Amino acid sequence: MSTTGREAGTMVRRAITRLWSAAGVVAVAATLTLGAAPAALAAPKAPAKPTSIQIMGKDIPGTLIVEPSDGARLFDTLLGEVNWIATAKPVTTAPKANKLGPKYTLIVLVKSAPQQVYNLYPEATGGPRVHRPAPQPSGGQKPDGWFYGRLTMPETLRLSGVPLQPKPDVINGGIGGVGGGVGENLKVGDADPISGVNDFLGRMRDLLLLNGAVLIVIVSGLAGMAFLIRRRI
């Protein structure tokens, strides 16, 4: 075999060796990818559902405990008074102490482990308020903050056992057949102040757009009249 033939054979063998090496790398990568895919596609573990709520206050003897067995609608409504605050940003400053009224501490538990703690002021001047302390029992480091509470808070607390005066004029209806409380026809905008603000801003936007359209029509009419007058002159 000539020198040129030997060199050609060597080059072919080297090329085949490189192809096999590349194929091995691809096979290993594919194996690792397939092995990691189930872990990557696994759904994140859902947070544990609260199992009870404790309410404490100066005018409450001991501790009130509300569980789903007391009425699923009552439990879910009470939880809804504060659950949305867990990840929300504070929207107001701390009111003056003499404007807050009685304080009730609400603790959300999963089994026997506290998860969330809030201070509720259902009779605060200007509407209910909620205070979220910075240290939370679940370990989450949310900033200390104040929020506007839902208008349904006083009635929800009263139906849970807190000694508050009934306010059936706030929202008609009841929870789980109990009259004079949070209504059957309760709307999100009625209970959630943020939704109410968004609705107000939406209406203001529509009003501004309407006014802008009217202004454009008026300006166009004036411009047309001015053009006709100039042509006649």
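Visitor: What makes a residue of the chain count as buried, and what share does so?
Guide: In this predicted model, a residue is called buried when its relative accessible area is under 20%.

Visitor: How much accessible surface does the chain have, and what part belongs to carbon and sulfur atoms?
Guide: The accessible surface comes to about 15,500 Å². Carbon and sulfur atoms account for 64% of that area.

Visitor: What share of the contacts joins residues at least 24 apart?
Guide: A contact requires heavy atoms within 4.5 Å. Among contacts between residues at least 6 apart in sequence, 49% join residues at least 24 apart.

Visitor: What makes a residue part of the lining of the largest pocket, and which lie nearest its centre?
Guide: A lining residue has an atom within 4 Å of a point of the pocket. For the largest pocket 16 residues qualify, with Asn83, Ala86, Gln115, Gln116 and Ser138 nearest its centre. Two or more lining residues come from each of β3 (104-110) and β4 (113-121). The largest share, three residues, is from β4. The space in this pocket is about 270 Å³.

Visitor: Why are some residues of that lining called polar, and how many are there?
Guide: Residues that are neither in the nonpolar list nor among Asp, Glu, Lys and Arg count as polar, Gly included. The lining therefore divides into seven polar, seven nonpolar and two charged residues.

Conventions:
Residues numbered from 1 in each chain as written. Predicted model: local features only at pLDDT ≥ 70, side-chain atom pairs only at ≥ 80, totals over all residues. Heavy atoms only, no water. 1 Å grid on protein atoms, 1.4 Å probe; cavity = no way out; pocket = protein on both sides within 12 Å on 5 of 7 lines; lining within 4 Å. Points joined across faces, edges and corners; volume = space filled by probe spheres on them. Helix = DSSP H or I, 4+ residues; strand = E, 2+ residues; numbered from the N terminus. Areas by Shrake-Rupley, 256 points an atom, 1.4 Å probe, with all protein chains shown as cover.
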